[in-house]
There are 2 protein chains.
Amino acid sequence: MNESGRIGRGGKPPTIRDVAELASVAPATVSNVLTGRRPVAEDRRQRVLAAVAQLGYRPNHLAASLRRQETRTIGIVIPDLTNPFFAALVHRIEELAAESDYQILLMSSNEDTEQEAHRVEVLLARQTDGLIIAPARDDVSAFAASAADLPPTVLVDRGFGLPGFDTICADNYDAAKRGCQHLLSLGHRDIVLVVSDSGLANISDRIAGYRDALSEAGLADRARVVVGGFSVDGCRGAIEQELRRADRPTAIFSAAYIATLGAIKAIRALDLEFPDNVSLLSFDDSDWMTALRPYVSAVAQPVEEMAAEAWRLLKQRLTGAGGDVARVRLACSLQVRESTRPPSAAKAKRRIGST
Amino acid sequence: MNESGRIGRGGKPPTIRDVAELASVAPATVSNVLTGRRPVAEDRRQRVLAAVAQLGYRPNHLAASLRRQETRTIGIVIPDLTNPFFAALVHRIEELAAESDYQILLMSSNEDTEQEAHRVEVLLARQTDGLIIAPARDDVSAFAASAADLPPTVLVDRGFGLPGFDTICADNYDAAKRGCQHLLSLGHRDIVLVVSDSGLANISDRIAGYRDALSEAGLADRARVVVGGFSVDGCRGAIEQELRRADRPTAIFSAAYIATLGAIKAIRALDLEFPDNVSLLSFDDSDWMTALRPYVSAVAQPVEEMAAEAWRLLKQRLTGAGGDVARVRLACSLQVRESTRPPSAAKAKRRIGST
DNA sequence: CGAGATCGTTAAAACGATTTTGTGCACCTG
DNA sequence: CAGGTGCACAAAATCGTTTTAACGATCTCG
């Protein structure tokens, strides 16, 4: 019966008019029943509901959006979905947004400002109610050209503190500093920091944290930062080079997901072992850190909280609550595991954690 | 100059009418200039273009979609974005779609048919031109209730061969069979297959491949399949149990991403090593497989090709090309590395691949 | 009892584009 | 020169909803 009713108007999906006609009411009444904006007498309400069911009517969101000037869509632009950090971020935001009946339009900028600007432009044309962006560069001038027309926008992970935007990031400085201090406290004096790219505030905060930790320990001149690029192999190569030097570092602090992968591969390629030959501390945690043997110590970014905060801030703006732009810096946690040991422990293979 | 022009209509973004007025032409002409559907005299064309630039006019995609009955939006529904396989799939599809000026609405079903059905319903209301779904179950009856109203839809990874849909999947049967044969050829006779969930055709194909490989070797009765569930710890527990048995398997074939993680953790938790105490073969490859030591042998799914094929098929339907539904089964590749060794090699710690 | 408030209802006007239809003009053609 | 043909353009219809404004009926209160 439901099914038969479906085919009413030449195969085309039924419109609110069809429903209205079938229920002998005005289209406006159908709208009122469905949206609940205005009260409708019970008998009519039932007639409308029945007609809706019989026709299998599904309101055309497009038309509603056009009229309402609200799409309940938010655009998300991230540099790279294959990075687990961003995947997790998007995953969580989508989940939260869905709870409030918002949908997300996802776009990748591929770490490229030009693509990014283009994507933002597309999202604007699509009338998204809000934007969550992890910019390719901290300088958002590329898409800030459209700044005046931007809907509520929150910047995550990068571009922290840019005027006019709610911004969120992990406390990279503090996390890197604490990570470095952890290594120092173990007795390391030759710590190499490996980053993917030094152009991002994101990363340069980590570099600063690292440097300050060294400075405070009176080891400012021991700072050694290597830039590996956005590829695993690039990082691996850079790290191999460091490890081949006569004054090989006693610890590697890989300040990015890609760098960690590169570091592990480099250590292995040279037939070394951590923590025996060199300690390893990773920025960005994952299940793999406790799958590797030994377990890899890591600084964990609060991805879930970042997502939650991003959504909270955006939703606040969407629902009209004004207020000053927010700057949220969330603390990372240091997971000390097995890959970080005093340098003196080198050569002595120890077996840990036998059940 | 551009900027000043922007503020023309009480802060609201300019419409095609505003442009038309400024250029002293009809709205239709503006449309024709911008879409290029009909020729417009050069002088008017220039006037329109100038007006567009001056006002910073951006066509309202919503209105255009409503009129055109085409949104250039495709919906993607996947079970879980934190699974790298799906993340990579979405990443690639988004990339390809963007090249053809299509955008994607992303939704997660969280492996739940009910949520899935709801998401599909939302996508239908949003008038998406097409759908790419990795269903939570092979039985798509949940959202097939809306089957009649479904836009062109292609099913990926799961629900292979369902009537009425273009479907794509990896050749799970063959891959598992070859994987198992690889282990058999090394001399293994006690091979445990670990899966996350046996309800998916996806997975049951892998089970079948595994069984057939054993049968053909005359070892049908040695088949041992354990179901670990969708969590790493679930898999780990199940595998630990197997490894504790007196007749401990000599090889573990983990038939899912989650299972591999569980297997590695289980092996480690019992203070065993691969491949010395037990060989390990993983379904799903990743950078981590060559970061672990020893390298983990793996069956690699052709994610990129799956994404490309999904988009190709969908685009074909979107551009009107009809034809029978397609069933594409793509071959996996077996990456033999170091975690799979003859069982006889047990106890003999060998050092491999020193540079 | 009558003015005004309240309520459910509907017709009509938006929303901002595209497409269809129609018109006037210039140019051919027989 | 009458009658077509083609062309660029504009006016109006359209997409499918929501919102506004108007309406009559009922209720309230002085």
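Q: Which way do the residues of strand β3 (residues 130-133) of chain B point, and are they buried or exposed?
A: In a regular strand the side chains alternate between the two faces of the sheet. Here Gly130(B) and Ile132(B) point one way from β3(B), and Leu131(B) and Ile133(B) point the other way. All are buried. Buried means that 20 or more other C-beta atoms lie within 10 Å of the residue's own; exposed means 12 or fewer, and partly exposed lies in between, with C-beta atoms placed from the backbone. Strands (E, at least two residues) and helices (H or I, at least four) are DSSP runs, numbered from the N terminus.

Q: What should I know about the model and its numbering?
A: This is a predicted model: local features need pLDDT of at least 70, side-chain atom pairs count only at pLDDT 80 or more, and totals for chains, interfaces and linings use all residues. Residues are numbered from 1 along each chain as its sequence is written, while chains are lettered from A and ligands numbered from 1 in the order in which they are written.

Q: Which strands are joined to β3(B) by bridges?
A: Two strands pair if DSSP finds at least two bridges between them. Four bridges join β1 (residues 73-78) of chain B to β3(B), and the two run parallel. In that pair, Ile74(B) stands opposite Gly130(B). Three bridges join β3(B) to β4 (residues 153-156) of chain B, again parallel. There Ile132(B) stands opposite Val154(B).

Q: Which strands pair across the two chains?
A: β2 (residues 103-108) of chain A is joined to β2(B) by three bridges, and they run antiparallel. Leu106(A) stands opposite Ile104(B).

Q: How many residues of each chain are in contact with the other chain?
A: The size of an interface is often given as the accessible area lost when the parts come together. Here, contacts are counted instead: two residues are in contact if their C-beta atoms, placed from the backbone, lie within 7 Å. By that rule, 49 residues of chain B are in contact with 49 residues of chain A. On the chain B side, α5, α6 (84-99), β2 (103-108), α7 (113-125) and α12 (257-269) each supply at least two residues. The largest share, seven residues, comes from α6(B). By class, this side has 26 nonpolar, twelve polar and eleven charged residues. Ala, Val, Leu, Ile, Met, Phe, Trp, Tyr, Cys and Pro count as nonpolar, Asp, Glu, Lys and Arg as charged, and the others, Gly among them, as polar.

Q: What rotation superposes chain B on chain A?
A: Copies are superposed by least squares on the C-alpha atoms of residues with pLDDT of at least 70 in both. The rotation is 180 degrees, with 0.0 Å of shift along its axis (RMSD 0.1 Å). The two copies are thus related as by a two-fold rotation axis. In chain B, the C-alpha nearest the axis belongs to Leu105(B), 2.3 Å from it. The same surface serves both copies, since 100% of the contact residues of chain B recur in chain A.

Q: How many residues surround DNA strand D, and which are the closest?
A: A residue is near a strand if its C-beta atom, placed from the backbone, lies within 6 Å of it. For DNA strand D there are 28 residues, and the closest are Ile16(A), Ser31(A), Asn60(A), Ala63(A) and Ala41(B). The surface has 16 nonpolar, five polar and seven charged residues.

Q: Which residues are closest to DNA strand C?
A: They are Ala26(A), Ala41(A), Thr15(B), Ser31(B) and Ala63(B). α3 and α5 of chain A and α3 and α5 of chain B each supply at least two residues of this surface.
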